[in-house]
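Trainee: I would like to learn how to read a structure that is new to me. Could we go through it together, feature by feature?

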Amino acid sequence: MNPSALDDGSSEPAAQAIAQAIAQARRWYWQRISAMVLALCVLVHLVVMVYAVRGGLSAAEILGRTQGNWAFGSFYAVFVIACAVHVPVGVANIAREWWGLREHAARVLSLALALLLLVAGLRAVVAVVMVTTPA
Amino acid sequence: MTAMLKVRVWRGKSKGAFSTYDVPRQGSQTVLDVVTHIQRHLEPTLSYRFACRVGMCGSCAMTVNGKARWTCRTHVAKVVEEGGQLDIAPLANLPVIKDLATDMTEFFDKWARAKGQFKGTKTRHDDFARISPSSPERVAANAGIECIGCGVCHASCDVVTWRPDYLGPAALNRAWTLVNDVRDVNQTARLRAVAGDAGCHACHTQGSCTERCPKQLAPTLAIAGLKRKVAKAAVRGEL
């Protein structure tokens, strides 16, 4: 990047550099916002977990509580979305700095990770919330 | 008999080796005194840099026992334990010219890249700008303004080691003082420059710069301020 090109933003590289700066600033605040959401979610998650396992817990008991529980479902959906936003930004930074990945490769990797987290996470939420009839 | 201090000094460029010298120990002796003694009495070809000797000019910083320090205001007694030895090397993260002298070109070029120049609109014919010393902007600017450009923070920053194009704590601290200078008119260009891929977002908030700054400035805080300012500008579409 040629920083002197940043001044007026009229040339192609300057416009590119500005777009990159804006993208980076956005990634930063999205990571911050998602971190705040995650901090709350992790806390609630841990408290609920400790509370729920008192005196042992079976899979049937868990599903008994979660199936059809839309409050539970939406809480964990938010949790999953916050993860899918937060994790890829950090991993892309690590990929750039430690693995020496170029911008494009880091972007592709983080997008793939975001999709994986989103799909796998939401699938798990749906699986425990949806009422299924035993086979 | 005068007590002697064993001193290992880096000789060479990036490739080189430590040479060992015995220097007479003296009361209130600084690390710079030790280097000067070696150059005047033991090793006339030793290269090092200093000017003011009183902590104002920022030219005598070196790596002392593994940590970057200003040598003119570092007492030997502070860094060497009883019977211990002194290791003196050039600053890290900068090319070595010879022995203890580093090439600071890139360090200061980074200040320029971070738009570290003040740009105002008033001329000598205009009245003074009236800035309240207690305004939040001026307080923030004053907090970082006493930087002497010694390069200790730049040498102590792991992120600079990992990615040499990172602007580094000193340049970003300078940018932060100007971001808070209400007379400056180059704000958008500056925020763009410090938000680049080697700018404030590369900082991991490890705080080595703040820990080691001989002037007790807090570049970590300045960089955090830049991140907030850049984020706000991006949200408002002003970047």
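Mentor: Gladly! This is a predicted model. Let us start with one pair of residues: B:Trp10 stands opposite B:Phe18 in β2(B).

Trainee: How many bridges join β1 to β2 of chain B, and do these strands run parallel or antiparallel?

Mentor: Strand β1 (residues 4-12) of chain B is joined to β2(B) by nine bridges, and the two run antiparallel.

Trainee: In what order do the strands of the open sheet come?

Mentor: To read a sheet, go across it from strand to strand. Here five strands of chain B form an open sheet in the order β2-β1-β5-β3-β4, with mixed pairing. β2 (16-24) and β4 of chain B stand at the edges with a single partner strand each, so one side of each has no neighbour in the sheet. On average, neighbouring strands of this sheet are turned by 35° against each other, direction ignored.

Trainee: Which strands does α1(B) lie across?

Mentor: Helix α1(B) lies across β1, β2, β3 and β5 (86-89) of chain B, and it runs at about 95° to β2(B).

Trainee: Now the backbone. What is the general idea about phi?

Mentor: For most residues other than glycine, phi is negative. Two residues here have a positive value instead. B:Arg53, which is not a glycine, has a phi near 65°, and its place is in the loop between α1 (31-42) and β3 of chain B. B:Lys115, not a glycine either, has a positive phi of about 55°; B:Lys115 is found in the loop between α3 (105-113) and α4 (136-144) of chain B.

Trainee: Is B:Lys115 buried or exposed?

Mentor: Count the C-beta neighbours inside 10 Å. B:Lys115 has 27 of them, so it counts as buried. B:Arg53 has 16, so it counts as partly exposed.

Trainee: Into which domains is chain B divided?

Mentor: The domain assignment gives domain 1 (4-102) and domain 2 (105-235) of chain B. Their centres, taken over C-alpha atoms, are 29 Å apart. Where the domains touch, 15 residues of domain 1 of chain B are in contact with 14 residues of domain 2 of chain B. On the domain 1 side, β3 (61-64) and β4 (67-70) of chain B each supply at least two residues, and the largest share, four residues, comes from β4(B). By class, that side of domain 1 of chain B has eight nonpolar, four polar and three charged residues.

Note on methods: Residues numbered from 1 in each chain as written. Chains lettered and ligands numbered in written order. Predicted model: local features only at pLDDT ≥ 70, side-chain atom pairs only at ≥ 80, totals over all residues. Domains from an automatic or database assignment. Contact = placed C-beta atoms within 7 Å. Nonpolar A, V, L, I, M, F, W, Y, C, P; charged D, E, K, R; others polar. Buried ≥ 20, exposed ≤ 12 C-beta atoms within 10 Å, placed from the backbone. Pairing = 2+ DSSP bridges. Axes fitted to C-alpha atoms, helices over the stretch in contact; angles between N-to-C directions.
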